[in-house]
Amino acid sequence: MMSDPIDRDFADDDHARAEISAAVKYLLKDTTGGARGDIVREIIETIRAVANGPLLPQPQNPPVVRAVKQPAMSGVTYKAYVIDAFRRDTDRWRSTIRRLDGKKIRVAIPPSVVDEATTSADALTAEKAVELARKAIDAGGLI
């Protein structure tokens, strides 16, 4: 079952990219060799079709401003970091981690420097997503 891609609301570009990454990982799980290559080609064809498709119509009236529902666990301070849980889908929570002082974060895997990091595994609750973020901090994956 496929949902209408226009109806998706993302907190920001990084969260949209995290969704894409999770979808690609799901499609490639348990595949190897030629089958994996075929799936990668299909993913690229899908992306090209979306990129080359018709532009979305612009609304005639200004959009109605909706109140943003704050996640259950937002702004949790842990060590030198702030953790914000966000809901990806029903019973699928992740957390973003940023430094209290606003400096960039060095991520060990994959090696990179980012403004904020997003946990890579889904959790059933916001509390568990924050717990996963704390474990990532404690494990030394973020500097």
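Ala-85 stands opposite Ser-95 in β3. This pair belongs to a predicted model, in which strand β2 (residues 81-89) and strand β3 (residues 92-99) pair in the antiparallel sense over eight bridges. The protein chain as a whole has three helices and six strands.

**Overall composition**

- Read from the N terminus, the order of elements in the protein chain is α-α-β-β-β-β-β-β-α.
- The protein chain has 143 residues, and 26% of them count as buried.
- The accessible surface of the protein chain amounts to about 10,900 Å². Carbon and sulfur atoms hold 57% of that surface.
- Among contacts in the protein chain with a separation of 6 or more, 44% are between residues 24 or more positions apart.

**The open sheet**

- Four strands make up an open sheet, in the order β1-β2-β3-β6, and their pairing is antiparallel.
- The edges of this sheet are β1 (76-78) and β6 (116-118); each has a single partner strand, so one side of each remains without a neighbour in the sheet.
- On average, neighbouring strands of this sheet are turned by 30 degrees against each other, with direction ignored.
- In general, the strands of a sheet pair through backbone hydrogen bonds, in either a parallel or an antiparallel manner.

- Strands β1 and β2 run antiparallel and are joined by three bridges.
- Tyr-78 stands opposite Tyr-81 in β2.
- Two residues lie between β1 and β2 in this hairpin. Lys-79 is in the turn, and its phi is near 55 degrees, a positive value in a residue other than glycine.
- Lys-79 is exposed, with a relative accessible area of 57%.

**The hairpin of β2 and β3**

- Asp-89 stands opposite Arg-92 in β3.
- The hairpin of β2 and β3 has two residues between the strands.
- Asp-91 is placed in the loop between β2 and β3. Asp-91 is not a glycine, yet has a positive phi of about 55 degrees.
- With a relative accessibility of 48%, Asp-91 counts as partly exposed.

- Asp-84 lies in strand β2. Asp-84 has a relative accessible area of 14% and is buried, because the limit for a buried residue is under 20%.
- The side chains of Asp-84 and Arg-98 are joined by a polar contact of 3.0 Å.

- Helix α3 (residues 126-138) lies across β1, β2 and β3, and runs at about 40 degrees to β3.
- The largest nonpolar core contains 17 residues. Those with the most contacts inside this core are Tyr-81, Ile-83, Ile-97, Ile-137 and Leu-142.
- Two or more residues of this core come from each of β1, β2, β3, β4 (105-107) and α3.
- The element that gives the most to this core is α3, with five residues.

**Strand β4**

- Ile-105 is found in strand β4, and this residue is buried, with a relative accessible area of 0%.
- Ile-105 and Glu-116 are 11 residues apart in sequence. In space, the two are 6.5 Å apart from C-alpha to C-alpha.

- The open sheet has the order β1-β2-β3-β6, and helix α3 lies across β1, β2 and β3.

Notes
Residues numbered from 1 in each chain as written. Predicted model: local features only at pLDDT ≥ 70, side-chain atom pairs only at ≥ 80, totals over all residues. Heavy atoms only, no water. Buried < 20%, exposed > 50% of the residue type's maximum accessible area, 1.4 Å probe, protein only. Contact = heavy atoms within 4.5 Å. Areas by Shrake-Rupley, 256 points an atom, 1.4 Å probe, with all protein chains shown as cover. Pairing = 2+ DSSP bridges. Axes fitted to C-alpha atoms, helices over the stretch in contact; angles between N-to-C directions. Core = buried A, V, L, I, M, F, W, Y, C linked by side-chain atoms within 4.5 Å. Polar contact = N/O pair within 3.5 Å; in protein donor to acceptor, adjacent residues only side chain to side chain.
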